[in-house]
Amino acid sequence: MDKLLLTVAKRLGLGLFTLLVISLIIFLAVDMLPGDIATEILGQMATPEAVAAIREELGLNLPIYERYLDWLGGLMQGDLGQSLATDRPVASLIDDRLMNTLYLAGLAALISVPLALGLGVLAALYRNTLVDRVVSVSSLAAISMPEFFIAYVLILFISVQLGWVPSLSKVDVDQSWLERLQLMILPAITLTFVTCAHMMRMTRATLINLLSSPYIEMARLKGLGPWRIIVRHTLPNAWAPIVNVVVMNIAYLITGVVVVEVVFVYPGLGQLMVDSVAKRDLPVVQAASLIFAATYILFNLIADVVSIVSNPKLLHPK
């Protein structure tokens with residue numbers, strides 16, 4: 001247990017250092033974006049004097065290292081800054097949008113994880129059969145297609161031709177859970193297509209590798225059925241890589257929703273970040289980017305810990 005806690009502490013420290021480096025990269029990258037909020041506010045016909053006055057009022061004329069240290073100091077105190085476009089606290093802008101993104105990612109995970117594990121088990125159990133070929137080809141096709149293409153295909157067939165659900169996912173807090181679910185189902189299915197394929201292929205590959213082990217051959221010689229071999233003997237030894245890829249895909253569901261949210265006009269954190277880039281609202285872009293980075297680092301840590309717990313041999317160097 002002490003060694004596990006030490007390993008977790010080391011990974012957490014490394015994650016915090018990585019987040020610090022990423023915060024610097026984010027700040028520099030956002031600062032290099034063409035244009036600024038002053039021009040966006042005053043328009044293209046603004047005089048240089050007026051632009052300079054707005055930049056001084058917003059603190060954009062300060063050296064970049066001063067602005068970064070000021071922003072970093074605010075982050076240490078839980079202050080994400082003030083929106084330059086709306087003059088509202090960034091935290092208040094992000095709050096509802098982040099919850100919408102988490103709801104969408106949670107719905108997609110509820111669909112994709114059981115589906116991927118089930119298909120992976122079926123493909124491994126009936127490998128080199130028609131079932132395995134259909135599942136493998138379908139997953140490969142899903143991986144090969146970008147999210148926006150899958151989204152537009154779903155909109156064309158499910159929304160436009162069949163008319164089952166709206167093509168835009170403009171959810172609101174005043175809507176009932178059933179209405180929100182109906183609006184979220186298309187973006188959730190889009191994310192399911194992308195993530196389910198990765199998890200299914202990892203599950204299939206891991207199980208097939210274990211099914212050729214000597215102890216599995218012994219279980220077959222004892223007369224155990226294929227499903228009992230999978231459930232009782234194979235899956236317990238396959239959890240480490242499977243859980244790792246599941247957790248990483250859940251992280252992708254949260255951090256990789258930007259394209260999907262833009263296509264479906266879903267009011268999540270990704271859509272807010274894209275809108276803020278267009279407005280040159282740098283504090284909002286920086287905060288949203290940092291939240292995505294922190295989420296990915298956190299889920300990396302969770303994946304490592306779960307892998308170590310499910311396979312304690314990883315604690316010991318080879």
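**Note on the predicted model**

1. Helices are DSSP runs (H or I, at least four residues), numbered from the N terminus. The model is predicted: local features need pLDDT of at least 70, side-chain atom pairs count only at pLDDT 80 or more, and totals for chains, interfaces and linings use all residues. Residues are numbered from 1 along each chain as its sequence is written, and side-chain values use heavy atoms, with hydrogens and water left out.

2. The buried residues of α6 are D132, V135, S136, S139 and A142. They lie on the same side of α6, because they cover an arc of only 130 degrees around the axis; the arc is that of the directions from the helix axis to the C-beta atoms. Among the elements covering these residues are α5 (90-125), α7 and α8.

3. Helix α6 has 15 residues and reaches 21 Å from its first C-alpha to its last, close to the 21 Å expected at 1.5 Å a residue. The expected span is 1.5 Å times one less than the number of residues.

4. How many salt bridges does a search of the whole structure find? The search finds one, a salt bridge being a side-chain nitrogen of Lys or Arg within 4 Å of a carboxyl oxygen of Asp or Glu. D132 forms a salt bridge with R204, and the closest N and O atoms are 2.7 Å apart. The pair links distant parts of the chain, 72 residues apart: D132 is in helix α6 (residues 130-144) and R204 in helix α8 (residues 177-211). D132 counts as buried at 3% relative accessibility, whereas R204 counts as partly exposed at 23%.

5. A nonpolar patch on the surface is formed by M145, F148, F149, Y152, V153, L156, F157, V160 and V259, with about 800 Å² of accessible area together. Patches are made of residues with over 30% relative accessible area and no salt bridge, nonpolar side chains (Val, Leu, Ile, Met, Phe, Trp, Tyr) being joined within 5 Å and like charges within 9 Å. Accessible areas come from the Shrake-Rupley method with a 1.4 Å probe; for residues, only the protein chains shown count as cover. Helix α7 (residues 147-161) contributes the largest share of the patch, seven residues. F148 lies in this helix and is partly exposed, with a relative accessible area of 42%.

6. N100 lies in helix α5 and is buried, with a relative accessible area of 10%. Not counting residues up to four places away in sequence, N100 touches V171, R180, Y266, P267 and G268, contact meaning heavy atoms within 4.5 Å.

Note on methods. Helix = DSSP H or I, 4+ residues; strand = E, 2+ residues; numbered from the N terminus. Buried < 20%, exposed > 50% of the residue type's maximum accessible area, 1.4 Å probe, protein only.
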